[in-house]
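Please keep the sequence and the structure in view while reading.

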Amino acid sequence: MSGPVLELDRVSKSFGAFRAVSKVSVALEKGEILGLIGPNGAGKSTLLNLASGALHPTSGDIRYHGRSIAGAHPHALVHRGIARSFQITAIFPRLTVVENVRIALMARRGLCRDFLRPAGKMLKTEIATLLERVRMSDRAERYAGELAAGDRKRLEFAIALAGDPSVVLLDEPTAGMSGAERAVVVEVIMDLNAREGVSLLFTEHDIDMVFAIAQRIVVLHQGEKIADGAPTEVRASPRVQEVYLGEAANA
Ligand SMILES: Nc1ncnc2c1ncn2[C@@H]1O[C@H](COP(=O)(O)OP(=O)(O)OP(=O)(O)O)[C@@H](O)[C@H]1O
């Protein structure tokens, strides 16, 4: 089927009298890496929350493969193929990397009632594949709570990928990481997109990273979309320079 995988169609979101997102339209194409940028408070996280079902739009529609998903519960969307990775990682710190991934796989496959069975060999191949995809094979037996920021984020990717998603939404995937950790996370993101054809929509404060990996960039400012295009077009936009890049330069 052609057309966007995920489409936000003139979505608005108000919190009381405050409009955090105002009539924003964004179409994520199949296999695309789309970066969402904007100054603090521009509405990026709100837009990602609307896309993942964590928030429901005040008006406008959201479609996944052409069908409206506005108002759908996040769990339902995960099962349909939209995975969300959070700014604050949602992992079990006292379990190992392998155990965390196993639980994610079991949950996605409705095997939760088997939690108490000896789970040593269950899903071994799938777990190994997921860990390989996020470059974590060598950390399989480490406790999740002892991992460095970049490793935690990659474990979180593995958990998101356990549902075999076609769309992955990422909220600041390299936040709080060292340069080296960031480089590995970027490599994993690029690889997921290139090898698996996963469509990615991500927010990020690290502008260099956005311009390095995004194929298209949407810029928000005060809840409104002010640019949407190829990185070179966005970089050249006087409006973007004025409200966003100018602000960064003055910071
Ligand atoms: N639950 C909420 N209730 C009230 N206001 C909210 C709520 N969530 C977000 N806002 C407001 O909506 C605006 C957009 O917030 P949002 O977190 O989407 O921005 P952002 O672009 O992700 O910002 P940042 O880059 O700082 O993370 C902000 O002014 C914020 O204070």
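In which sense do strand 1 and strand 4 pair, and over how many bridges? Strand 1 (residues 6-15) and strand 4 (residues 59-64) pair in the antiparallel sense, over 5 bridges. The model is predicted. The chain contains 9 helices and 10 strands.

**Strand 4 and its partners**

- Tyr-64 in strand 4 is the bridge partner of Leu-6.
- Tyr-64 also stands opposite Arg-67 in strand 5.
- Strand 4 and strand 5 run antiparallel and are joined by 2 bridges.
- The hairpin of strand 4 and strand 5 has 2 residues between the strands, and His-65 in this hairpin takes a positive phi near 50°.

**The ligand shell**

- The residues surrounding the ligand are Phe-15, Phe-18, Ala-20, Gly-38, Asn-40, Gly-41, Ala-42, Gly-43, Lys-44, Ser-45 and Thr-46.
- By type, the shell around the ligand divides into 4 nonpolar, 6 polar and 1 charged.
- Strand 2 (18-28) and helix 1 (44-52) each supply at least two residues of this shell.
- Which element gives the most to the shell around the ligand? Helix 1 does, with 3 residues.

**The nonpolar core**

- The largest nonpolar core has 64 residues, of which Ala-51, Val-101 and Ala-158 touch the most other members.
- Helix 5 (residues 149-161) provides the largest share of this core, 6 residues.
- Leaving aside neighbours within four places in sequence, Val-101 is in contact with Ile-127, Leu-130, Leu-131, Ala-158, Ile-159 and Ala-162.
- As general background, nonpolar side chains tend to be buried together in soluble globular proteins.

**The chain as a whole**

- Of the 251 residues in the chain, 41% are buried.
- Among contacts in the chain with a separation of 6 or more, 67% are between residues 24 or more positions apart.

Conventions: Residues numbered from 1 in each chain as written. Predicted model: local features only at pLDDT ≥ 70, side-chain atom pairs only at ≥ 80, totals over all residues. Near = placed C-beta within 6 Å. Helix = DSSP H or I, 4+ residues; strand = E, 2+ residues; numbered from the N terminus. Nonpolar A, V, L, I, M, F, W, Y, C, P; charged D, E, K, R; others polar. Buried ≥ 20, exposed ≤ 12 C-beta atoms within 10 Å, placed from the backbone. Contact = placed C-beta atoms within 7 Å. Core = buried A, V, L, I, M, F, W, Y, C linked by C-beta atoms within 7 Å. Pairing = 2+ DSSP bridges.
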